[in-house]
Every structure is written in C-alpha cells, then in structure tokens.
Amino acid sequence: MSKYNKFSKEELLALVEKQDNELASKKYGLVWDSERELEQAVLDCEHNVPVLKRVKGKEIKESKDQEDNILIEGDNYHALTVLNYTHQEKIDVIYIDPPYNTGNKDFKYNDKFIDKEDGFRHSKWLNFMEKRLNLAKDLIKDSGSIFISIDDNEVAQLKMLCDKVFGENNFISQITWHRKRGKDNSAKYLSRVHEYVLIYGKDVNKLIFNKIDLSEQTLTQYTNPENDSRGNYRKLALWRRGGQGGSKAFPFTTKEGISVPSRSWLVNEETMRRLDQENKLVVVGEGLYRKLFLSEHEGAIPETIWLDASNTANATDMIKEIFGKSIFDTPKPIELMNRILKISSKKESVILDFMAGSGTTGHAVLELNKEDGGNRKFILCTNNENKICEEVTYPRIQKVIKGYKKYGNGEKVAGLGGNLQYFKAELIKKTNNKDQLRFDLTQKCTEMLCVKENIFNLEIEKEDYKIFSSNKGGKFLCVYYNLYDESFKEFLKEIKKLKGEKKIYVFSIDGKVDRDLFKGIKDFEVEEIPQKIIDIYKQLVKMNIPVKANTIFLDFEKAQKKVLEEKDKDEGARILRIVLEKTIQKITQQNKMSIFKENNKEEKIAILNDNLYNSKVFRKVQWEENKTYLAIGNHASHGEYGEYDLKQVENFYKHIQSLFNDFGI
Ligand SMILES: C[S@@+](CC[C@H](N)C(=O)[O-])C[C@H]1O[C@@H](n2cnc3c(N)ncnc32)[C@H](O)[C@@H]1O
C-alpha cells in the first residue's frame, strides 16, 4: 500500500502544490547553503566603514618619474569595498589565486580552518568567493578580464559561480597549467600535475587580448640559409591542402621566369604577384612557398594548455633565493604570471591581485615593465596571516625593486625599479550622528583620495586643507576638509599657483559643491566628499549583509505562542506580518536583488513581493497569499480586527512555514 493512500484529497492537493512550488523556484545553476554563520569581515561593515591608512616609513621610491604601486594589508572584503570608490572600472586585469579549499588548513572562514569533514565546506567557500567576486566585478574595465587559479577541489563550483557573477557568455577559457615537475609516485591513483586558470572577460564583445611571443620551439623553425637581409624566415606552403579554403587553380610564372603548374592556391593571383614583387616567393620543385619573416609575425595566439609556464617548485626556489628559506607554501612562478600579463595587459594597464600571498603578481608586473618599457601599475592586497604581508609580500617587493643578493650562490640581482605605497585597510566606527560620520570620514579619507588619483607627495599641510603633487609633476590633488571659512580663501590662493591638472575634493554637508567658488581657476575638476563614498558603501553593505534568519525565527516563535497556544489572533497577525516582511526581504537577497531603492531607503515589501513574482521566484499562489497575509497583518496593526478570523491567522502561520521550507530559510 502506498504511503499516499492515507492522505485526504485536500492533503494530496496541498502536497502537490508544495512540490510544484519547490520545482518552480529552482533555476538551473549552482545551489548552495546561504550563510548560517555570517562572515565577520562583512559584519564589521555594519557598524564601521572601511578606509585606507598609509603605513609611514614603508614607502619605496626608486623611480621618481613613474606612478606608485599599492600594497594593502587587510581583509580583501574591506579593501575591495574601498576600491569600489577609488577604482570603479579602472582595472584592466585581475588575477587571484584563492585558497583552494583542500581541507588541509588552507582556507580560513571566520578565523577557523575549514576541514574536509565540514558539511558546509563548499558552501562556506562559495559564500566567501561570491562576495568578493561581486565586489571585484565592478572594478574591471569593459575591455578587462579576470584570471583565477584553481585546482580540482573547487574548479567545478568556481566555474558555475563565475558564470553567475560574470555571465556564462563572458567565459573565455579554462587553462590547464602543468604545475609540477616530476610526478608523485606515492599518489593513490593518479599523480596530479596540473591545475587550472579560469578566464572571464568583463564584456566579451569589448575584451582586448594580445598575442604572445613565439615559443622557443617555433623560433627554431625560422632560419636564414641564404642570409636574406630581412632576417630569419620560415617557408609556408602556398598550395591548398584538404579542408583549407583558398582561391581557384591557376598556373604561375615568377618574375624570374620559373613556371609552376596550375594548382589550387591559398592566395589569389594578385597576392601571388605582390609576394613575387616583394621577393617573398621560393620555388622548390613543383612546390611554391612564401617566406614569412620573423619580423612580420604578430605573435602567437595563446593555447589553452600551458606546459611551459614554469612550475610550483621553481616558484618555491625563487622564494628561497630571496629569503634564504621557504617561508611561503603556495607561491606561483613568475613565468605563469608573465604569460597571463602578456595576454591580458597593455603597457599602461592597472593590475589587481586581492589574494596576493607572496606578491608574485607585483614581481611579475615589475619584471614585465623592465622587459618592454611598460608603465603597468599593480595593486596587491593580502591579509597578514602569519605576518605574510609584513614579512613576505612587502620585503619581496622591496627587494625586487631595489635589487638583492641571492641566497645560495650570492649572485647579485639588479633592482627592477618602481615605487610602492603601503596601506592598511582600517575600520572607522559609524556614529549615530550622521554629521559626525561625515566629519570623521572626511578626515580619514585623504589616503583613499591619494590612491584614487595616484598622487601621494604632500606639498602643503594645513589644518583645513592639504595639497599633494604627482611623481611626474603636472598633476595635483587638493583636499579641503572644513565648512567654508577664512582658510578656504587661502586654499584657493594656493590652488591658483599650481600649474597643471587639479583634482579638488571639498567637504560638503549636503553633498553639493558650488563650482562658482572656483571661478578663475583653470584645468580643474571638483568633487564633494564624503557623499559619494557614503553612497557607494551603503550600496555594498546593504547588498552583502543578509537579513538574519535567527531574528526571523525568534519572531516566528513569538507568533507561534500567540497564535497556536494563546489563540491571540490580533497580536499573532501583527507579529506574523513582521516575520513575513523579513522573509520576503531575505528571499529577495537570496536572489541577489536589492531590498533598497535608488535613494538607499528600504523598498516597500509589496513591491519586493511583486518583483519576486515578476522574476518568477514566487509562484502565483505564493504571491497572492503573501498579498492577502500582508493585508491581514496591516489590519492587525491598525486595530481593524474584524477583517480576519483565527483560522485565517493560523493559515498565515502555516504559509510562512511553507515559505521557510520552499526557500531553505
Ligand atoms: C594561495 S595564496 C596566493 C599566493 C600567490 N599567488 C603567490 O604567488 O604568492 C592565497 C593568499 O590569499 C590570502 N587571503 C586569504 N583570504 C584572504 C582575505 N579574506 N583577505 C585578504 N587575503 C586573503 C592568504 O593570506 C594567502 O596568502
């Protein structure tokens, strides 16, 4: 006998409906548990705002005519929040090498290592990554890209997460990188010698990638047997072979009078003539070839299997050469980073690595600049786990900029040049007094403005204003901290003396600045502080701090007591409305929609309910029921007790319970 035989028709209908709802609310894609234990780095932003604080005495200046690179010590959640103000759509390339979540003490979540037995192991990693990738996405230029190293532990999850964050159509490739020299004969089944690099463009239609240098092996095919003054070349057969497109067959006689029988060629007769005029044709028997000179080659299109981008053992050797011992476990080799940068960056690009570890990305950027005369800049961020930032990242960058002696053979390595500014991501407490917060943030945001403009040299420091100049000269950052008073006239006087571009930031209580104040000043832009910072932070914090399930449950328990035990329909309905509102907000957040309006005020619950219906998260029945119960709750709050009875309130209670089940709350 089936277990359903004992159900009444009504119960069966309710069951079918519930299952229908569940099916309808499931979309194709990756499903994982939302956070039970909120991440501290995110919670920190509930009561604080992140800023950058320059670490004095750690500035490195070896190339006065170049711009500064940046190292940020701190949680990347805070650093990325700040960068959303300073670098929105300014980053050309992001590279990250996140913890692979191997279960072997490599991934910390809320200060605890996640081991293999943790039932929420993948969910915790996905929540951690999703928040950071969402923050990072808006930093990338439309023509930019992101490269993410990963191995078998999370590659499948990461691919689907990135499809969600960056869009499946912006997926470029999944590189297989041969990471290990030699094999591990003690491996249980197979020796894993590879890992992956996932690549996404911000917008695949605008992505700019470069070809790369020809490999050593390809270069050996370019020779110059008869000493052609144009240099080494390679012979390319000009006749058409199976599957190749080409032109019609025609016989050809070179300008020297050598005839080649008719054949189907890869080029038309006109091109053939031109190649002949340019002395680029070679006849060998009945075969006709063109000379392709190395100098004509535009580079090679990169392939998706990288066997020749060094390996992790070499990366560890490099750390040993710099520090005398292996003080960091999982560095990447410079050659891997060099390949990524050659594909994705231009000479002026800005490159971000927010899981910087030992700082390989910064090192590779400096090397590539040296190699091709580029002026790429990097922003590195890493936490200071095991003092890595202070004792590995910073000293490594310092050594490669200034030059060092290799441990072991004592060989001298010349400095690559470059500059660095060292920051810590810090939190300032939000006070309830909004004006006070504006003052505090204005006082503490100067260093963020320096990072935003890449202008760091303090020229004038007064109580009410500061003026900074750029390394190359010709650009100025001018910050005024107070409400306009006598010192403002002085500030204007100083600005008038400056020759070059001026970026002026002025404190404003109401978020507005009167441009007329700057009449007579040339070549300037003015922006108010701290309103934009506050706006961006609000948006990010609200996006990321989820409505907490336990506060919903606490109210739900109260409602249970009122409705089911005390049969108090009015107070029950009033509390249930609160529970339903929070539940709708939570479901909105779970579906990555904002619970706030453009002006940062909370959106009406009825509108969220409609949004969820329009985007097919809610089914018609859920949507209609929500509407009814929101109305009952409303009547209860307004003392319109005649509008509903206890049975309806009990159903209201059951409905919320089914929402919890359907949406995994
Ligand atoms: C695998 S390592 C990166 C190694 C790097 N590619 C290299 O070549 O040295 C990952 C790094 O991310 C850092 N990290 C992990 N979680 C972080 C967080 N929330 N904020 C900042 N850094 C973090 C860790 O300290 C670690 O150094």
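Reader: How many Å separate the centres of domain 1 and domain 4?
Author: In this predicted model, the centres of domain 1 and domain 4 are 49 Å apart, taken over C-alpha atoms. Domain 1 is made of 9-32 + 546-662, and domain 4 covers 435-533. The chain also has domain 2 (44-209 + 303-423) and domain 3 (216-296).

Reader: Okay, the sheet with β10, β14 and β13: what makes β10 and β13 the edges?
Author: Look at the order, which is β10-β14-β13 with antiparallel pairing. β10 (233-237) and β13 (281-284) each have a single partner strand, so one side of each is left without a neighbour in the sheet. On average, neighbouring strands here are turned by 35° against each other, direction ignored.

Reader: How do you know that β13 and β14 count as paired?
Author: Two strands need at least two bridges between them to pair. β13 and β14 (residues 287-293) are joined by 4 bridges and run antiparallel, so they pass that cut-off.

Reader: Which residue in the hairpin of β13 and β14 takes a positive phi?
Author: That's Gly285, with a phi near 60°, in a hairpin that has 2 residues between the strands.

Reader: And what makes Asn279 worth a mention?
Author: Most residues other than glycine have a negative phi. Asn279 is not a glycine, yet its phi is positive, about 55°. You'll find Asn279 in the loop between α7 (269-277) and β13.

Reader: What about the peptide bond from Ile529 to Pro530: cis or trans?
Author: Cis, with omega near 0°. Most peptide bonds are trans. Pro530 sits in the loop between β25 and α15 (531-544).

Reader: Why are β21 and β25 called edge strands?
Author: β21 (457-461) and β25 (524-529) each pair on one side only. They belong to an open sheet of 5 strands, ordered β21-β22-β23-β24-β25, where the pairing is mixed. From one strand to the next, the twist averages 20°.

Reader: How do you know that β23 and β24 pair, and in which sense?
Author: β23 (residues 475-480) and β24 (residues 501-507) have 6 bridges in the parallel sense, so they count as a pair. Within this stretch, Cys478 stands opposite Ile504 in β24. Helix α13 (residues 446-453) packs on the sheet, where it touches β22 (465-469), β23 and β24. The direction of α13 makes about 155° with that of β23.

Reader: Now the helices: at what angle do α4 and α5 pack?
Author: About 35°, and their axes are 10 Å apart. The helices are α4 (residues 121-137) and α5 (residues 155-166).

Reader: What is the handedness of the crossing of α4 and α5?
Author: Right-handed. The residues making the contact include Leu126, Met129 and Leu133 of α4, with Leu158, Leu161 and Val165 among those of α5.

Reader: How many nonpolar, polar and charged residues does the contact of α4 with α5 have?
Author: There are 8 nonpolar, 3 polar and 2 charged residues in that contact. Cys counts as nonpolar, so Cys162 of α5 goes into that class.

Reader: Last one: which residues come nearest to the ligand?
Author: Asp97, Met355, Gly357, Ser358 and Thr360, out of 17 residues around the ligand. By class, that shell has 6 nonpolar, 7 polar and 4 charged residues.

How values were computed: Residues are numbered from 1 along each chain as its sequence is written. This is a predicted model: local features need pLDDT of at least 70, side-chain atom pairs count only at pLDDT 80 or more; totals for chains, interfaces and linings use all residues. Axes are lines fitted to C-alpha atoms, for helices over the stretch in contact, and angles run from 0 to 180 degrees between N-to-C directions. A crossing is left-handed if the near helix is turned anticlockwise from the far one by less than a right angle, and right-handed if clockwise. Two residues are in contact if their C-beta atoms, placed from the backbone, lie within 7 Å. A residue is near a molecule or strand if its C-beta atom, placed from the backbone, lies within 6 Å of it. Domain bounds come from an automatic or database domain assignment.
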